[in-house]
Amino acid sequence: MNSNIFKIEKLDHLGRGIVKINNKTTFVENVLPMDIIKVSKKSEKKNYIIGKVDSFIESSPLRREFCTYSSICGGCDICNLKYYEQLAYKEDKIRNIVNKYLKGKVDINNILYNKDKEYRNKITLHICNNKLGFYKKESNNIVEIESCTLADNEINKAIKKIRFFLSNYDNDLKSVVIRTSSLKELMINFKGVVNEDDVANYFSFADSLSLNDKVLKRGYIKESIGGFEFLIYPNSFFQVNLFNTINLYNEVKRLTYGKKYNKILDLYCGTGTIGIILSDVSKKVIGIEIIPDAIVAANKNKEINNIKNIDFICGRVEDNIDKFNDADLIVVDPPRSGLDNKTIDNILRIRPKEIIYVSCDPMTLVRDLNLLGSEYKSLELTPVDMFPNTHHVECVCLLCRKN
C-alpha cells in the first residue's frame with residue numbers, strides 16, 4: 001500500500017482506528033476495522049497523531065448503514081459497525097483493559113445486551129433560530145434532526161410536535177430535554193424564552209412539563225422496574241436505557257442471591273433504585289446522593305413501594321461516608337471520574353465483606369480496583385452494553401474482602 005493508504009486493523013478504547021504514520025501512532029475517527037482508507041494528518045502531538053480520512057479506498061465488510069446523521073452528528077461513534085461486532089469490540093476492550101491495568105486476576109463474564117435501536121428514554125436537543133437538533137461534534141453548530149434512531153418512538157413523536165411548535169410560535173428557546181418511560185409517560189423540559197401559556201397549551205399532551213425549571217404540569221414521570229415503581233424528576237439521574245438497566249440491576253441482584261446483610265451502604269444512589277431493589281436482602285439500607293431532586297425522588301420511591309428499612313442522605317459521598325463504621329455490603333455507582341481518595345480510604349476503614357462496583361468508565365474502574373486491592377479481591381466482572389452504537393460500556397464488578 002502507499003504510505004498514506006492504510007487498512008484499519010482495530011479500534012482503540014475510544015472507538016478510533018489505529019494506524020502508523022512515520023512510525024508514530026495515529027488515531028483516526030469514523031473508521032471501522034478492515035476499512036482501507038487514505039489518511040492525512042489533522043494535528044500532531046508529542047506522542048501521537050490525529051489523522052483524518054481523505055477518502056475510502058475500500059469499505060469494511062463489517063460496515064452497515066444505520067443513521068442518516070451518523071457522518072455529521074458525532075453522537076454515535078461506532079454505529080456503523082454491525083452490532084454483533086460492537087459487542088465483540090466491547091468485550092475485547094474490557095479484557096484488554098483488565099489484563100493490562102488490573103493487578104490480579106478477575107473472571108470476566110459475557111457482555112449483557114439488548115436491542116441497539118430505540119433504546120434511549122432521554123435525549124437533550126439544542127435549539128437555535130428554530131433549528132432543533134444535536135451539536136455537531138467539537139462545535140456549537142446544530143445538526144437538525146427529524147428523529148433519532150436511538151430514541152424511544154414516543155420521543156420521536158414528540159420531536160415532530162416540537163419542530164411544529166418552533167416554526168409556528170414566537171420563541172427564543174435554547175434547549176429541550178425529552179424523557180419517556182415504559183409506562184408511556186412523557187416528560188418535556190424547555191430552557192429559554194417563550195410565552196408560558198403557549199407552551200402549557202400546546203404541550204398539554206405531555207404527562208410532565210416544565211419551563212426553566214418551573215413546573216407547568218406534574219413534575220415527574222413514573223417508571224416500573226422489577227415490580228417496583230420509580231418517580232423520575234427533571235434533574236434527577238436515571239439510566240437512559242431501560243432494557244439494559246434491567247440487565248444491570250438483575251446482575252447486581254444476582255450477586256446478592258442467597259445472602260443476608262445487616263447494613264448496605266448505597267453510594268451515589270441517585271433515585272434509590274439499587275438500594276430499593278436490594279432492600280429485601282438487608283435489615284437496613286442507607287443511600288447517599290448529592291442531587292436534591294434525586295433524593296426527593298428516592299424518598300418518594302421509598303414511600304410508594306412501601307419500603308421501611310431504607311433511608312437517604314442528601315450530600316456528597318465523601319462528606320458523609322465517614323459517619324459510618326460498619327456495613328456488610330457497599331454498593332458504589334460513581335460518576336465517570338470514579339471514586340475519590342477519601343471515599344476509598346473510608347471504604348477500607350469500614351471493611352465491608354463485599355463491594356459491588358457499578359462503573360461507567362472501565363479505566364477509572366481498574367484504577368479504583370487496584371486502590372482497593374490491598375484488602376479486596378475482584379472476583380467477577382460483567383460488561384453491560386448500556387450505550388449501543390458508542391464506544392462506552394458499563395461494568396458490574398464484585399469484590400470480596402480477603403480476610
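At what angle do helix 9 and helix 10 pack, and how far apart are their axes? The angle is about 40°, and the axes lie 10 Å apart.

This is a predicted model, where local features need pLDDT of at least 70, side-chain atom pairs count only at pLDDT 80 or more, and totals for chains, interfaces and linings use all residues. Residues are numbered from 1 along each chain as its sequence is written, and side-chain values use heavy atoms, leaving out hydrogens and water.

**View 1. Helix 9 packs against helix 10.** Helix 9 covers residues 341-350 and helix 10 covers residues 362-372. Helices are DSSP runs (H or I, at least four residues), numbered from the N terminus. Axes are lines fitted to C-alpha atoms over the stretch in contact, and angles run from 0 to 180 degrees between N-to-C directions.

**View 2. Side chains at the helix contact.** Helix 9 brings Asn341, Ile344, Ile347 and Leu348. Helix 10 brings Asp368, Leu371 and Leu372. Contact means heavy atoms within 4.5 Å. Five of these residues are nonpolar, one is polar and one is charged. Ala, Val, Leu, Ile, Met, Phe, Trp, Tyr, Cys and Pro count as nonpolar, Asp, Glu, Lys and Arg as charged, and the others, Gly among them, as polar.

**View 3. Elements lining the largest pocket.** Strand 3 (24-28), strand 5 (49-58) and helix 1 (70-73) each supply at least two lining residues. Strands are DSSP runs too (E, at least two residues). Strand 5 gives the most, with five residues. The lining divides into 14 nonpolar, 11 polar and nine charged residues. A pocket is an open set of points on a 1 Å grid over the protein atoms alone, where a 1.4 Å probe fits, with protein on both sides within 12 Å along at least five of seven lines; lining residues have an atom within 4 Å of a point.
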